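My notes are below the display.

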Amino acid sequence: MRHGKKINHLGRTTAHRHAMLSNMASSLILHKRITTTVAKAKALRKYVEPMLTKSKEDTTHSRRMVFASLQDKESIKELFGNISSKIATRPGGYTRIIKLSDTRLGDNAEMCIIELVDFNETMLEAKSAAAEKSTTTRRSRSRGGKKATTDEAATSATEIKGEAVAPAAIVEESAPADTATETVKDGESRDEAKADA
């Protein structure tokens with residue numbers, strides 16, 4: 001039975017596992033992205049996300065709590081300086097695991113990239129471009145490019161002779177008679193009719 005076994009020991013003793021996760025967390029904070037196995041990345045996510053939450057509140061107590069786990073002054077400066085300002089509005093989910101297609105050569109382990117979500121510029125640019133594109137490509141409701149006036153809208157909504165008239169059924173008769181469409185004789189194509197005229 002495996003009841004209550006939530007921790008993946010990763011084939012290491014407790015001290016070795018904590019040291020490894022501490023070093024990986026420092027590397028993730030300093031470099032914003034690291035390549036590792038999927039099992040280690042999942043363990044690292046559970047280890048580092050509470051630290052990122054503590055970094056939002058820059059107090060002496062939270063700095064000491066994070067330093068007890070990381071033991072690295074440079075990563076503490078980076079975490080409470082740059083990273084905490086970027087993740088201030090995010091309610092959680094600070095890391096992203098992207099699985100890679102290739103496996104490790106020696107033991108065929110699944111590899112992945114674990115990264116901080118707010119520091120992937122390519123995905124942020126694509127997301128902002130998609131947001132801008134969706135707001136700028138609104139289509140108008142009227143047909144033909146003209147805005148419907150209030151009189152046309154009122155007549156389209158009323159019933160004429162007991163039948164409801166849709167806005168598409170309203171025909172504008174403002175076009176002059178000489179620009180009307182040409183009638184084509186039976187058997188002639190449109191190009192031949194234009195050549196004759």
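These entries cover the ground rules, the sheet, a helix and the serine.

**Ground rules.** I am working from a predicted model, where local features need pLDDT of at least 70, side-chain atom pairs count only at pLDDT 80 or more, and totals for chains, interfaces and linings use all residues. Residues are numbered from 1 along each chain as its sequence is written, and side-chain values use heavy atoms, with hydrogens and water left out.

**Sheet.** I found an open sheet of three strands in the order β1-β3-β2, with antiparallel pairing. β1 (33–37) and β2 (95–103) are the edge strands, each pairing on one side only. From one strand to the next, the twist averages 25°. I took strands (E, at least two residues) and helices (H or I, at least four) as DSSP runs, numbered from the N terminus. Two strands pair if DSSP finds at least two bridges between them.

**Bridges.** β1 and β3 (residues 110–116) run antiparallel and are joined by five bridges. Six bridges pair β2 with β3, also antiparallel. I then looked up Cys112 in β3: it is the bridge partner of Thr36 and of Lys99.

**Hairpin.** β2 and β3 form a hairpin with six residues between them. Asn108, in the turn, has a positive phi of about 60°.

**Serine.** I located Ser75 in helix α4 (residues 73–86). Is Ser75 buried or exposed? Ser75 is buried, at a relative accessible area of 0%. Buried means under 20%, exposed over 50% and partly exposed in between, with a 1.4 Å probe and protein chains only. Not counting residues up to four places away in sequence, Ser75 touches Ser26, Ile29, Leu30 and Leu70; contact means heavy atoms within 4.5 Å.

Key: Axes fitted to C-alpha atoms, helices over the stretch in contact; angles between N-to-C directions.
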